[in-house]
Each structure stands twice: as structure tokens, then as C-alpha cells.
Amino acid sequence: MTPTDEPHVVGLKQAFSTSGLLAASTAVLVGLVLALDRLGWVAFSLVAVVLLVGGGLGIVALALVRWWLLARNGWTWAALGFHRPGLRLLHLLWQVPLVLLVGAAVQGVFTVVVLGGAPEEAGGSSALDDVVVGAPAWAVAAVVLAVCVVTPLWEEALFRGAFFSGFSRRLGAPLAILATAALFAAVHALPPALPYLFVLGLGLAWLRWFHRNLWAPIVVHAVNNGIVTLGALLVV
């Protein structure tokens, strides 16, 4: 079987319904935290908010994928591309640096040509400064776990699993790669980093197609998040 011959089970209807429920759950979770804080019933620290929203979102997302998307349709995780890893994954030794370096190069050109220069260093780490400064070590470790492990798992299951399958059924693999990359970049809602996110999305979708396995983009996504998080922590 070639990559283009891979059967895709999940349709766009199921992918969009799952993401819609996830968006609604996110709104409820954020609203609950804000309401409890505003009413003064619970005094949340910023790291607690990040853990509750970020970690809670990851748990909800994985639960929705497992029960709403897969179980109720009688599908297994293999329907999203979770297959037993093989020796083909050794290609990641060159694919990981390729995807990340191309993304960084495109972002660099965009920053210089469109934004007129490199952004201020403080701006990139200020949000993380607010979260980790003064936080206990276990909380920082939990944030890193949520960002580098949980987030890649559920985002890849949704974007390169469900949406890639749905778009492939409708449009074919090449357009599915473009569509999922555009959706991935748009959902993150970070205009200054849009070129990098789009290129990263292209690379992750291409890896999903090349390997016929969701573990490949998960690994690259985790490495990307790990590098970004480590870089931010080093300048805190």
C-alpha cells in the first residue's frame, strides 16, 4: 500500500463535530475558572489557571476523541492513524530538523521583510515569566508535561488524525495537507507566528501522509513544543 492508497475512515462531519464540542468545552472551562475567581470563591494563581485550562483542555480533548469520535462510531484508534511504529520512523532523524529548520527560515524571512525586524526578546517570554516565576517545581513540570506531551497528542489526533482523514476523503492527500495546515495555523490565532505555524502544519501533515502513522507528527510536534518551552525557560 502506498501513502496515497491509505483508506481514510473519519469524515469531515465527525471531525468538525468533535472540534465544535471541544470549543464549547473550552468556553465552559474558561468561564468556570473566571467565574469562580471573580466571585472570590477560589483564588487562582496564574500557574493554576494554566494547569486547569491547559491540562483540563487536554483531558477533555482526548476524552472527546475517544468517546465521541471513535467509540460511538465503532472505530478504534487506528482510524486516526495510530499504528504500531516501525523502522520507517527512523526517517524522523532527518525529517525532524528539516521541518523545524524550514519553518524557522520562513518565519525569519517573514519577520524581517513584513514585520521589519526581529521581535523584542522580552515579548516572547513575558507570558511564561508570569506563569513560572515563583511557581513550585512540580507546577512548572506539570505545565511542561501539558505543553510537550498532552498537547501534541490531542492536537495531532484532531488535526492530522480526524481532519486529515476527512479532507483526504473529499480532496485527496495534497489538498488535505494544505487544508489541515491552514486550519492548524488559524486555530492558534497568533498572527506574528502564522508563517511558522503554517509551515509546521504542512510538515506535520506531510509526515502523517509519508509514514501512514500518527506517531510521526506527534514526535515532531512534541520536539517542537519542547524546544520552544526550553528556550523560553532558559531566558526566564
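Which residues in α1 meet which residues in α5? I will start there. Leu12, Ala15, Phe16, Thr18, Ser19 and Leu22 in α1 meet Trp154, Leu158, Ala162, Phe163, Gly166, Phe167 and Arg170 in α5, where contact means heavy atoms within 4.5 Å. By class, this contact has 9 nonpolar, 3 polar and 1 charged residues. Nonpolar here is Ala, Val, Leu, Ile, Met, Phe, Trp, Tyr, Cys and Pro, charged is Asp, Glu, Lys and Arg, and the others, Gly among them, count as polar.

Some ground rules. This is a predicted model, in which local features need pLDDT of at least 70 and side-chain atom pairs count only at pLDDT 80 or more, while totals for chains, interfaces and linings use all residues. Residues are numbered from 1 along each chain as its sequence is written, and side-chain values use heavy atoms, with hydrogens and water left out. Helices (H or I, at least four residues) and strands (E, at least two) are DSSP runs, numbered from the N terminus.

Back to the first pair. The axes of α1 and α5 come within 8 Å and cross at roughly 150°. Axes are lines fitted to C-alpha atoms, for helices over the stretch in contact, and angles run from 0 to 180 degrees between N-to-C directions. The two helices are therefore roughly antiparallel to each other; the classes are under 35 degrees for roughly parallel, over 145 for roughly antiparallel, 65 to 115 for roughly perpendicular, and oblique for the rest. The crossing of α1 and α5 is left-handed, that is, the near helix is turned anticlockwise from the far one by less than a right angle, with clockwise giving right-handed.

Next, α5 and α6. The axes of α5 and helix α6, residues 173-188, come within 8 Å and cross at roughly 140°. That makes α5 oblique to α6. The crossing of this pair is right-handed. Residues in the contact include Phe159, Phe163 and Phe167 of α5 and Ile177, Leu183 and Phe184 of α6. The contact divides into 13 nonpolar, 3 polar and 2 charged residues.

Not counting residues up to four places away in sequence, arginine 169 touches His8, Val9, Val10 and Gly11.

The axes of helix α7 (residues 194-211) and helix α8 (residues 215-234) come within 8 Å and cross at roughly 150°, which makes α7 roughly antiparallel to α8. Tyr196, Leu200, Leu204, Leu207, Arg208 and His211 of α7 make the contact with Ala216, Pro217, Val220, His221 and Asn224 of α8.

A cavity is a set of points, on a 1 Å grid over the protein atoms alone, where a 1.4 Å probe fits but cannot get out, and lining residues have an atom within 4 Å of a point. The count comes to 1 cavity of 30 Å³ or more. The largest cavity has a volume of about 30 Å³, a volume being the space filled by probe spheres set on the points, which are joined across faces, edges and corners. Thr18, Leu22, Ala61, Leu64, Val65, Trp154 and Leu158 line the largest cavity. The largest share of that lining, 3 residues, comes from α2.

Note on methods: 1 Å grid on protein atoms, 1.4 Å probe; cavity = no way out; pocket = protein on both sides within 12 Å on 5 of 7 lines; lining within 4 Å.
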